[in-house]
Amino acid sequence: MPGPGDTLLLAGPSGSGKTEVALNLALSLLRTTSVPVTLADLDVVKPYFRLRDMLPLVPEDDRKRLHVIEPERRLLHVDVPTFPPTLHASLSATDRVKIVDVGGDAIGVGAVAQFRETIGNGRHALYVVVNTLRPGMNTAAGLKEMLARIRAGARLDLTGLVANTNLQAETSAQEVQAGYDAVKALGDSEGLPVVAVVVSPEYADKVVPLLSPEAARLATVLHMFNRVLDTVGSQTEF
């Protein structure tokens, strides 16, 4: 469980679900610990589905307790790297957990590289979220290329992988298992552990019992904000 001063970064290609993982993790920490949480939106390459667009879906009481870092209001929908001047200080804070949502291509992860020294001065972890049903992520070669881009762009050591294979409500146990197997193979080849297998409440009951014991042990239920418009609940732990 992360503690005060820790920085957790979530990266992944477009459609991987890293933004939802980041938000679920932040809400879980708020609800299960007394540690303040900062959530930083550093995704500068995905205009159609950003953390900043998901925040209105979060219950008001949770929003009040969550310190969110995002571009100033007049630049919210500008697709260039625009960060508040206080970001370095916020990422240096030792009294809170910092969760950072970054883009997954060369430009996106490169945006976080400028804060590499600030992040590296404290305890930090960089997790890569993978949906093997997204374009280019369905082959071992594609997965390796994606991981290499993130590693080179962020210029930070990778900590682990999150398997988030899904087709929304149509997701089957076979697809989740195959996604886990592919991400596990990638991790084994790169020396990285799989730390979670993400499933939605929409299909968790029918999917998790059919997974292998290893995959089921890592199963983590996350509510998907692009489909859930009322309440949010999560027991996410990494």
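The side chains of T132 and T165 are joined by a polar contact of 2.7 Å. Keep in mind that this is a predicted model.

So where does T132 sit? It's in the loop that runs between β5 (124–130) and α7 (140–154). Is T132 buried or exposed? With a relative accessible area of 8%, T132 is buried, because the cut-off for that label is under 20%. Leaving aside residues up to four places away in sequence, T132 touches M137, N138, L143, T165, G179, A182 and V183. T165 turns up in that list too, as well as being the partner in the polar contact.

Now for a helix. Helix α1 covers residues 18–32. How far apart are its end C-alpha atoms? They are 21 Å apart, and that agrees with the 21 Å its 15 residues should span at 1.5 Å a residue. Of those 15 residues, 13 are buried, so α1 is largely enclosed by the rest of the structure.

| Feature of the protein | Value |
|---|---|
| Buried share of the 238 residues | 53% |
| Share of accessible surface belonging to carbon and sulfur atoms | 53% |
| Share joining residues at least 24 apart, among contacts between residues at least 6 apart in sequence | 76% |

The accessible surface itself comes to about 10400 Å². T132, at 8% relative accessible area, is one of the buried residues, and buried residues make up 53% of the protein.

Conventions
Residues numbered from 1 in each chain as written. Predicted model: local features only at pLDDT ≥ 70, side-chain atom pairs only at ≥ 80, totals over all residues. Heavy atoms only, no water. Helix = DSSP H or I, 4+ residues; strand = E, 2+ residues; numbered from the N terminus. Buried < 20%, exposed > 50% of the residue type's maximum accessible area, 1.4 Å probe, protein only. Polar contact = N/O pair within 3.5 Å; in protein donor to acceptor, adjacent residues only side chain to side chain. Contact = heavy atoms within 4.5 Å. Expected span 1.5 Å × (residues − 1). Areas by Shrake-Rupley, 256 points an atom, 1.4 Å probe, with all protein chains shown as cover.
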